[in-house]
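Please look through the model shown here with the following account at hand.

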Amino acid sequence: MQIDSFHWKKSQPLAEDYVAGSEAVRALYPHHFASAASWETRVKWLDEAAGRPQADREQLVQVLRTYNERIGNQDQAFASIAALHDAKTLAIVGGQQAGLFGGQLLVLYKAITLIQAAREWSSKLGRSVVPIFWIAGEDHDFDEVNHLFALTQAQQIEKIKIEHPTGQRTSVSRLPVSPEAWEEALTALDHTLMDTEFKESLLGKLRASVEQGATLSDAFARWMAMLFGEYGLVLIDSDEPALRKLEAGLFEQLIVRNEELAQALAASKEAVVAAGYGAQADIQENGANLFVFAHGQRLLLHREDGVYTDRKGTVRFTPEELREKALREPESLSNNVMTRPLMQDYLFPVLATVLGPGEIAYWSLTKEAFERFGLQMPIVLPRMEFTLIEGTIKKQMDKYDFSLNDVIERYEQKKQAWLAEQDTLQLPERFEQVKAIFRDSYQPLVESLGSINSGVKKLGDTNMAKILEQIDYLQHKASEAHQTQFDSAIRQLERVRLTIIPFAKPQERVYNGCAYLNRYGDGWLHALLDTPIPVDGVHRVFYL
């Protein structure tokens with residue numbers, strides 16, 4: 001197995017600077033993952049902050065056990081859950097939306113990061129640290145998670161999707177997908193995947209994950225449990241009703257002190273802007289930063305004239321009514337991106353949280369809110385990043401002398417330069433030379449024919465034009481034949497480009513993992529899980 005480090009600039013400057021430990025961002029986060037003192041401080045705070053707001057741990061263990069039983073998680077995951085009975089057990093937590101058949105490759109890498117970090121810090125601290133994957137099933141943007149992209153053998157990026165089952169703007173975990181829709185998606189995936197020794201088993205497992213009227217969130221959880229349960233990964237859906245009941249206490253505080261929450265977020269936003277960065281989330285002065293489920297929809301609330309309402313005025317609650325709802329019907333409330341980090345810290349003993357570049361950027365807006373509510377932002381760990389390069393792709397890159405930087409930064413220029421180097425006959429120049437010599441020799445002769453009569457001169461002009469036209473025709477045919485020699489090379493180079501930067505984006509942000517599991521089985525996934533890899537924010541290239 002070969003894994004190389006590679007500097008791929010992150011999509012968010014703030015995240016890039018955070019990973020690098022830049023002075024400009026230090027005030028925006030209380031800890032840094034590269035600092036041993038930060039880990040010591042965080043552990044001490046979790047052990048000693050007895051008065052901090054937190055959910056009942058024994059009830060949390062029961063909720064986790066029940067949910068993981070329902071999704072069919074493996075024995076090692078239940079051992080992780082059992083370890084949480086011990087007050088000294090800590091957690092590495094990270095989350096993602098529930099993508100179709102596992103979503104993008106980056107989702108797998110986030111799970112790998114959780115497992116790697118939990119293993120590392122369990123060893124370093126001499127105490128249990130468990131990996132917990134928090135599924136953002138409460139999110140309502142169905143179109144963001146209902147599809148996957150796969151590169152076909154015909155070098156087309158194919159989109160496979162499931163249509164919205166109801167059209168209602170409600171959480172993904174509350175939208176059952178019909179058996180017919182699941183079968184259609186599985187059939188489309190089957191047609192996309194090449195026939196291999198792993199295909200039947202892969203499709204069988206995917207089919208098992210979508211049984212019993214599964215929602216996208218259910219299917220995602222079952223699939224992730226199949227892939228990572230043996231490594232002790234615990235899964236939980238953020239929209240799980242039993243989990244919501246544990247969140248009631250913090251929901252109440254977020255409502256009672258809602259204006260204070262908004263002020264804290266605004267203060268952090270000012271700090272981010274003062275540090276020279278743009279705010280990566282929309283902070284509204286009157287935003288409640290909470291959703292409510294009502295009339296079959298997930299509605300974002302804001303404060304208006306002393307009440308909580310949504311943009312269209314569909315619902316209206318007094319502060320006391322919303323507070324009562326939090327205590328009596330917490331399952332009817334939902335966090336947004338600003339309050340979910342607080343709720344995560346309230347529920348779990350979070351030693352560190354695993355975040356992608358965009359998440360690292362918007363978490364900078366929550367530092368003050370954590371502190372105002374008696375919490376503390378955990379250590380932010382950058383998610384592992386990988387580019388998978390298959391053996392055939394590596395051979396083609398070597399054959400045409402393309403580095404990874406060439407593919408990412410200057411693919412078209414490099415390709416055209418390579419094609420130009422192959423033109424050893426210098427056909428354009430030679431044809432132009434022949435035409436110039438012909439004109440220089442023939443034109444004077446044709447001109448002299450005018451002394452005989454104008455008709456002969458006209459015939460000579462026509463004759464010269466036809467001869468030049470025939471030379472142009474031969475040049476065009478020769479150029480076509482020459483170009484055909486390199487059609488195979490161009491197809492190979494396009495395959496390289498589409499593999500590494502589809503849609504001009506990193507591979508991990510576009511492609512689904514099933515194509516790689518189909519071609520290579522799960523050995524490469526286990527290699528990434530079993531090989532100690534530093535969680536350091538460095539992009540890595542994994543040669544399959």
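Helix H16 (residues 391-399) and helix H21 (residues 487-500) pack with their axes 10 Å apart and at an angle of about 125°. Helices here are DSSP runs of H or I of at least four residues, strands are runs of E of at least two, and both are numbered from the N terminus. Axes are lines fitted to C-alpha atoms, for helices over the stretch in contact, and angles run from 0 to 180 degrees between N-to-C directions. Angles under 35 degrees count as roughly parallel, over 145 as roughly antiparallel, 65 to 115 as roughly perpendicular, and the rest as oblique; H16 and H21 are therefore oblique to each other. Their crossing is left-handed, a term for a near helix turned anticlockwise from the far one by less than a right angle, with clockwise giving right-handed. H16 makes the contact through Ile393, Gln396, Met397 and Lys399, and H21 through Gln492, Arg495, Val496, Thr499 and Ile500; contact means heavy atoms within 4.5 Å.

The model is predicted: local features need pLDDT of at least 70 and side-chain atom pairs count only at pLDDT 80 or more, while totals for chains, interfaces and linings use all residues. Residues are numbered from 1 along each chain as its sequence is written, and side-chain values use heavy atoms, with hydrogens and water left out.

Next come the strands. An open sheet of 5 strands runs in the order S10-S9-S8-S7-S11 with antiparallel pairing, where two strands pair if DSSP finds at least two bridges between them. Strand S10 (316-317) and strand S11 (333-335) are the edges, each pairing on one side only. Within the sheet, strand S7 (residues 287-294) and strand S8 (residues 297-304) are joined in the antiparallel sense over 5 bridges, and Val292 has Leu299 in S8 as its bridge partner. Helix H11 (residues 258-274) packs on this sheet, touching S7, S8 and strand S9 (307-309), and its direction makes about 125° with that of S7.

Strand S12 (residues 350-355) pairs with S13 in the parallel sense over 4 bridges, and Val354 stands opposite Leu381 in S13. Both faces of strand S13 (residues 379-382) are covered, with Ile379 and Leu381 buried on one side and Val380 and Pro382 buried on the other. Buried means under 20% relative accessible area, exposed over 50%, and partly exposed in between, for a 1.4 Å probe and protein chains only.

In soluble globular proteins, nonpolar side chains tend to be buried together. A nonpolar core is a set of buried Ala, Val, Leu, Ile, Met, Phe, Trp, Tyr and Cys residues joined through side-chain atoms within 4.5 Å. The largest one here has 150 residues, and Ile92, Phe101, Phe133, Trp182, Phe228, Phe348 and Trp524 touch the most other members. Helix H5 (residues 105-125) gives the most to this core, with 12 residues. Apart from it lies another core of 21 residues, including Trp8, Tyr400, Ile408 and Leu493.

Finally, some single residues. Ala181 is in helix H7 (residues 179-192) and counts as partly exposed because its relative accessibility is 21%. Gln426, in the loop between helix H18 (411-422) and helix H19 (427-448), has a positive phi near 50° although it is not glycine. Gln426 is partly exposed, at 46% relative accessible area. Ala504 lies in the loop between H21 and helix H22 (514-520), with phi near 60°, and is exposed at 68%.
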